[in-house]
Amino acid sequence: MTTLVDESTRVRVSSVLNRDTKQFGKKYLFDGEEDTCWNSDQGSPQWIHVNLETECDVSEIQIKFQGGFAGKDCCLESHNDEQIKKVMDFYPEDVNSLQSFKLPESLKLSSFRIVFNSSTDFFGRITIYQLSILGEKS
């Protein structure tokens, strides 16, 4: 299994806290640094949309939240040819450690969205220090 995100991956997010992309932008999801993070603004749902350069066999998602700002009721959706299909629901714990969510089966995906329908934060904010998309390149 390898990380599928590289410099050709395009990522969009639902929001950034106070629109401060220099301090809390999407680039910090994949930078590997312990002291940087993506921080959403308030409101639910929040989401991260990932477009891989090519279709890949995605088998696992790993997320490191900040405790108190974790997703509660989450899902993974595939977005292919204007069709949206729910792949799976997942329910993270409200902890600071890296959590792994295995797909029910390895799926060929190129465009998908991680949706945080609710948050452990009263205002619906999400804070993520690390996001990894694992699988095999086709």
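The side chains of Asp57 and Lys108 come together in a salt bridge, with 3.1 Å from N to O. The term salt bridge here means a side-chain nitrogen of Lys or Arg within 4 Å of a carboxyl oxygen of Asp or Glu. Asp57 sits in strand β4 and Lys108 in strand β7 (residues 98-116), so this pair ties together parts that are 51 residues apart in sequence. Strands (E, at least two residues) and helices (H or I, at least four residues) are DSSP runs, numbered from the N terminus.

How open are these two side chains? Asp57 is partly exposed, at 21% relative accessible area, and Lys108 is partly exposed too, at 45%. For these words, buried means under 20% relative accessible area, exposed means over 50%, and partly exposed is in between (1.4 Å probe, protein chains only).

## What kind of model this is

Keep in mind that this is a predicted model: local features need pLDDT of at least 70 and side-chain atom pairs count only at pLDDT 80 or more, while totals for chains, interfaces and linings use all residues. Residues are numbered from 1 along each chain as its sequence is written, and side-chain values use heavy atoms, with hydrogens and water left out.

How many salt bridges does a search of the whole structure find? There are 6 salt bridges. Opposite charges on side chains can pair up when the charged atoms come close.

One of the bridges joins Lys64 and Glu34, whose closest N and O atoms are 2.9 Å apart. That pair links distant parts of the chain, 30 residues apart: Lys64 is in strand β4 (residues 46-65), and Glu34 is in the loop between α1 (21-24) and β3 (38-39). Are the two partners buried or exposed? Lys64 is buried, with 17% relative accessible area, whereas Glu34 is exposed, at 56%.

Another bridge pairs Asp121 with Arg125, and here the closest N and O atoms are 2.8 Å apart. Asp121 counts as buried, at 10% relative accessibility, and Arg125 counts as partly exposed, at 22%.

## The cysteines

Now for the sulfur atoms. How many disulfides are there? The count comes to 0, where a disulfide is a pair of cysteine sulfur atoms within 2.5 Å. Cys74, for instance, is in no disulfide, and its nearest cysteine sulfur, that of Cys75, is 7.8 Å away.

Cys74 is buried, with a relative accessible area of 0%. Cys56 is also buried, at 2% relative accessibility.
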